[in-house]
Amino acid sequence: ESTKLFKDFKSWGFDSVEIALEDISHIDSKFVKAELEKNGLVCGSLCGAFGPDRDLRGTPDDQARSIDYVKGCIDHMVVLGCPVLAGPVYSAVGRADAVPDKEKKAQWKLVTKNLKKICKYAEKKGVIIAMEPLNRFE
């Protein structure tokens, strides 16, 4: 239904849209791509949604859900012809716990290990990840 807005976006002078994707099952990429093309638009970026159960430094289940979600987003991006996934890929939004240096180093190591997996997948699919840094107040 939101694709009905594409005509308005184009009339307002936009050439590109960013699609926020909370759940990878919420989009029919082929349909959206056709609607974009019909209206002379492209999907310039896809914005990831990283809630408490998608955290590359969280529990093993959180990490797996996050990796699966990002890979699903990337798969949609390929169909959409979208070059950029933007968002705080490494962490759940709102996580602002202060941790001792030892724990911070362990989290850093975990995040980099998981980001390498995601980035290799993105590279293989020909897309890039624009990582949004979060501050402790978000």
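**Close-up views of the predicted model**

View 1. Helices (H or I, at least four residues) and strands (E, at least two) are DSSP runs, numbered from the N terminus. This is a predicted model, in which local features need pLDDT of at least 70 and side-chain atom pairs count only at pLDDT 80 or more, whereas totals for chains, interfaces and linings use all residues. Residues are numbered from 1 along each chain as its sequence is written, and side-chain values use heavy atoms, with hydrogens and water left out.

**View 2. The salt bridge between Lys33 and Glu37****.** The closest N and O atoms of this pair are 3.5 Å apart; a salt bridge requires a side-chain nitrogen of Lys or Arg within 4 Å of a carboxyl oxygen of Asp or Glu. Lys33 and Glu37 lie 4 residues apart in helix 2 and are therefore separated by about one helical turn. Lys33 is partly exposed at 24% relative accessibility, whereas Glu37 is exposed at 52% (buried, under 20% relative accessible area; exposed, over 50%; partly exposed, in between; 1.4 Å probe, protein chains only).

**View 3. The salt bridge between Arg57 and Asp55****.** The closest N and O atoms are 3.8 Å apart, and both residues are buried.
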